[in-house]
Amino acid sequence: MTSKEKGWKEISIAAVCWKPSTEFLTGDWKTYKPVRDLEKCTKCLLCTIFCPDGAIHWKPEKEDIEFDYNFCKGCGICANECPVKAIEMKLE
Amino acid sequence: MKSVVIEQKTLALNGDEAVAYAVKQSDVDVVAAYPITPQTIIVERFSEYVANGEVETAFICTESEHSALTACLAASLTGARTFTASASAGLALMHEMLFVTSGCRAPVVMAIANRALSAPINIHGDQSDTMAQRDSGWIQIYAENAQEVYDSVIQAFRIAEHPDVLLPAMVCLDGFQLSHSVENVNVLPDDVVKKFVGVRQFPTVLTHEGKMAPLKLDPENPMTMGPLAFPNYYFEFKRQQEEAMKNALRVIREVHDEYAKISGRTYGDGLLDPYFLEDAEIAIVCLGSTAGTVKTVVDELRAEGVKAGLLRMRTFRPLPVEGIKKALEHVKAVAVMDRSMSFGGFGGAVFHEVRHALYDLDKKPFVVNYIYGLGGRDTSPMQIRTIYEDLQEILAKKRVENPINYVGLRE
């Protein structure tokens, strides 16, 4: 708890969020992070569909995917679902 | 302000019907409920009003009490005025959602026809059900008779929805003694009640879009209520609820006084209802319908020259601590009556709190506990008289031999 955090008189009642969820970087929860083997990856995009946090994005300009480590919680579903086993979960 | 008491008609209603009638008049948007004795008449009568087209309320029959309160909570968060009713095991099944409702600051009003908890199964009256929920963040008002039930339900909407409060409220009526006993109830005209309860007011809150918006779910102003709060914020939200309870002490009195002006009826100051207490040497403290029996005994004792009094607690949550101290500081011996048990504790819940409130007084009265009426057991005027006689004996001996006593229990 830092002194930057607000007191009970300052915050909205009913636990209403006063910041958008994009400001809560849940990526720092993870223990293992997904790392991709570019040789094996076929860009099938199954991982982007299975990711429960929407933390794997298709980047059209790069014609490639990108992990958003600010929001990846390290659950490992992408690695489990990858049909060519191109994703490895590595200890952070 | 000049008080103008409105002309009223008298109906023969039992306590449950008095609740249903008050809800009918209070412009309620959503009622979701599941039947349970002795509350069932409330939602039965109300469903008749819905079927007859006497109200425009959306009536939702749910598959459990947990769902009933969840539906009321969700509707309340959209800005709707909501009501439900329950008792005993039904209230116990709502336990989880009671805390979610108060934490989301949803001003749901619920009538509870107080009933014993199983096992053994028992459908009759005692206050074990609501006493077990006293820490759930709900306001609790205990009525003495069907008239007060009617008046309290109308007041409860105003209290719960007040922007300084925004807490759910229970109106508690003793099962069978009040829920099923027909009494004369004076009712206000529909338009007067509708004007009194008014429309819901919403405080503004800062949303995640950085906007100030009324606290309700609205596609124009999206917001998230009651999501995850980690150790760095959860505590602050709970402290806000405590402040709302403190504000409720003021708002309950204000709403009571405003209602008294149109109805001509008062219940003490709305929090505590004393009876022959100013010069009392011995007094009983109790909640609910038992106060009627105690008053009869106080009248008899006063005729005999005994300085006996009564403090009826109308509001148990929030606890009117300062009022209790002021009301009882001059009394020499106090008997607190509990219609529920706190197994393994030192007496019942009301005893704990009243005795606790008096601890800071320089000169404390003797305070003893009487547990009574569990599972619907009748409590007679003779038994109440015995309690006052015990208090006289305590004063004569200047000591307490039995702090915890059981009324009408066979050894």
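Two residues are in contact if their C-beta atoms, placed from the backbone, lie within 7 Å. I applied this criterion to a predicted model, in which local features need pLDDT of at least 70, side-chain atom pairs count only at pLDDT 80 or more, and totals for chains, interfaces and linings use all residues. Residues are numbered from 1 along each chain as its sequence is written, with chains lettered from A and ligands numbered from 1 in the order in which they are written.

**Interface.** I looked up the contact and found 14 residues from chain A and 21 residues from chain B.

**Strand β15 of chain B.** I read helices (H or I, at least four residues) and strands (E, at least two) as DSSP runs, numbered from the N terminus. In β15(B), residues 333-338, six of six residues are buried, that is, 20 or more other C-beta atoms lie within 10 Å of their own. I saw B:Ala333, B:Ala335 and B:Met337 pointing one way and B:Val334, B:Val336 and B:Asp338 the other way.

**Its neighbours.** Strands pair if DSSP finds at least two bridges between them. I found β12(B), residues 282-286, joined to β15(B) in parallel by four bridges, with B:Ala283 opposite B:Val334. β16(B), residues 366-371, is also parallel to β15(B), over six bridges; there B:Val334 has B:Val367 as its bridge partner.

Conventions
Buried ≥ 20, exposed ≤ 12 C-beta atoms within 10 Å, placed from the backbone.
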